[in-house]
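Please work through the following exercises with the sequence and the 3D structure at hand, trying each task before reading its solution.

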Amino acid sequence: MKGENWNDLPPLVVVVGAGGVGKTTLAAALALHSAEAGDHTLVMTFDPSRRLKDTLGIGDQPGNQEIPVEIDETGGETRGGGLEASLLDAHDAFDRLVRTYAPDAAARERILNNRYYHHLAGSLSGILEYMAVERLFEVNATGRFDRVILDTPPTRQALEFLEAPDRIVDFLDSGAIQLTLRPWFRGDGRLKATAVLGGLGRRLDHYLDEWVGLDLLRDMAEFFQAFEPLFKGFRRRAVEVGRLLRSRTTQFILVTTTAEERLPDALFFARRLQERGHRLGRVVANRIHPMSASKCAADEMDDPGARLLGWLGERDQSGLEALGQLLRGRRLGAIPVLADEPTDLVGLRRVLQRYKPVQT
Amino acid sequence: MSWLAGLCQRRLIVVTGKGGVGKTSIAAALGLLLSERGRSALVLEVDPRENVHRILDTAPSDGQVVTVRPGLYLQNLQPRQVVDQLIGERVKLGVLVRRILNSPIYTHFAEGAPGLKELAILGHALRLVEGETPSGPQVDVVILDAPATGHGMSMLRAPGLVSDVLQHGPVARLTTRVAELVGDPQACGIVVITLAEEMPVTEALELRSALETELGRAPELLVANALYPELPQGAAALEGLGAGLVEELGVELLTLWRQRRAINEAQLQRLRAAWSGPEAQVPHLSLSQGRDLTAELARSLSAASGEDAVP
């Protein structure tokens, strides 16, 4: 069968799918193809394997920078598009955000030294998704690239990432911020509302302290106050990224495997993308085991190992057919399971070469 | 004592590993295994997309405890449900509870407060094994199908984080108890699942060192899941294979098998060098998700532990 032409990709391609299906490798392969077709391309990834980093030659580079990938001397037919890669480091990106947008040195130090911020930047589970939004904005705003291929964070459904821009806007509009921004505490650290009540107020303080901890409330209030000048910018950028993810210039590529239990997930994801107004391009069924040559039924083979391999071929074949039925009218394709992850750009190139369209 | 006998004495077992390595299936198989050995076990799933009921062939849980068979239960629970339930229990006044739960400020607090959701789930597990939940079965051990490694570590880190900012009051007391439970290797076992492939093994090793440095404890068991079988003897080169096998599978599939097995062996070697402590190897099984697969996984785990199967 004739190989697929991947030259129809829009300026932003977002690769999505469940954890462990091969998103990152596919994103890198797409980026390499795009660069070799003559477009200046950036691949943004979150969690590449050591080997993929070595493959791209970006070994131990720090996160959140665009690092040029050397592709000229590897035998590829390049028309000089140029490839760059960037790894996301959420904690560092958050710090950088504060440094960039804080109005002055005092505000910056207040935030960076706040205990609540320290916990928030390091451990809140939505932070990675949020920082991905910020990074995407940053890169998009430079206008340096013809195409950006975005790998998504390793969450089971990767929906968190897509929902992040809306959630940020929603949070900033909810009134929760306004509430925390009120001057709740006096200079001496006591709650204003209760301090005027004398002894009774002290008892109320004690009660609040028992329940949620006044220290925590003080840290939170201080954090939000220190952050206030930054909120407007957060909101504006989140709205813009939300719009970008729904625009004509963005296409999603959904990666899945064909194990029976994964099929409902793939279908669910395809539907959710559509419901949320995103454009779904190809669905890629990855890691397909080939059918056994003799086509003899797996359970009739003698060797137990052969039975397993035969079964995997049968499973993936019927999984692929089922996926074709479920995704009627969509562009579906399959990439066979590779013996090993690509170790060099030649191997990475082969990933897309082995892609074959599947009738839906 | 085998690791299985050890797990039989725990009250909480946290199962974690990289996405796509079979955490939920192994968690369910451990539940089955422990319940066969007389422990009343509940498999607790946190993923918003329910899956554990398919693995154990029951109706979906939707927040409720489902009986798989006497002594084996499952529950899919969202952290928000637990936080809401706690508010309900504490505040008691229906009108007030509804007002709190419907307020956007509460919503954002419950969604966004660092560590709160993770703590809620661990707190729920603690209350289950202590018999403190308002309803539900008597449970000896909760097997928590935790989120994938990164988020799994956030979960284990949460009690320490929250108790750091919260020193007294009822929430702080619960937090302290949860932190004690998670930090005590006699009470809580951490099981790390991996495939014998580069990325999952790297994550497993990183998780191990994070556990050691941040929580001061090691995982109890490593499960190397879905291993490709060894090739028939003498099959290092294709020429050495029986003609029947080449004919049956074809060169493409045979080559794939050999290469995949070689990767498995190299990564098992890497684990052997870097991982101390019990390890169980579980073969890739030719079964789709469901009760048969779970039972077969439980048999493999039991065999790997060196313990006799329970008739």
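This is a predicted model: local features need pLDDT of at least 70, side-chain atom pairs count only at pLDDT 80 or more; totals for chains, interfaces and linings use all residues.

**Exercise 1: Chain B as a whole**

Solution: The chain is built with 13 helices and eight strands. Turning to contacts in chain B between residues at least 6 apart in sequence, one finds that 73% join residues at least 24 apart. The accessible surface of chain B comes to about 12500 Å², and 52% of this surface belongs to carbon and sulfur atoms.

**Exercise 2: Two helices of chain B**

Task: Determine how α7(B) and α9(B) are oriented to each other, and which residues meet.

Solution: Begin with the geometry: helix α7 (residues 116-129) and helix α9 (residues 170-183) of chain B pack at about 80 degrees, their axes being 10 Å apart. Angles of 65 to 115 degrees count as roughly perpendicular, and α7(B) and α9(B) are therefore roughly perpendicular to each other. Next, list the contact: from α7(B) come B:L119, B:L122, B:G123, B:L126 and B:R127, which meet B:L174, B:T175, B:R177, B:V178, B:L181 and B:V182 of α9(B). Sorted by class, this contact has seven nonpolar, two polar and two charged residues.

**Exercise 3: An aromatic pair**

Task: Classify the one aromatic pair counted over all chains, and place its residues.

Solution: The ring centres of A:W6 and A:Y355 lie 4.8 Å apart with their planes at 70 degrees, so the pair is edge-to-face. Because A:W6 lies in the segment before β1 (12-16) of chain A, and A:Y355 in the loop between α14 (345-353) and β9 (356-358) of chain A, the pair ties together parts that are 349 residues apart in sequence. Both A:W6 and A:Y355 are buried.

Conventions: Residues are numbered from 1 along each chain as its sequence is written. Chains are lettered from A and ligands numbered from 1 in the order in which they are written. Side-chain values use heavy atoms; hydrogens and water are left out. Axes are lines fitted to C-alpha atoms, for helices over the stretch in contact, and angles run from 0 to 180 degrees between N-to-C directions. Helices (H or I, at least four residues) and strands (E, at least two) are DSSP runs, numbered from the N terminus. Angles under 35 degrees count as roughly parallel, over 145 as roughly antiparallel, 65 to 115 as roughly perpendicular and the rest as oblique. Contact means heavy atoms within 4.5 Å. Ala, Val, Leu, Ile, Met, Phe, Trp, Tyr, Cys and Pro count as nonpolar, Asp, Glu, Lys and Arg as charged, and the others, Gly among them, as polar. Accessible areas come from the Shrake-Rupley method with a 1.4 Å probe; for residues, only the protein chains shown count as cover. Rings of Phe, Tyr and Trp (its six-membered ring) pair if their centres lie within 6.5 Å; planes under 30 degrees apart count as stacked, over 60 as edge-to-face and the rest as tilted. Buried means under 20% relative accessible area, exposed over 50%, partly exposed in between (1.4 Å probe, protein chains only).
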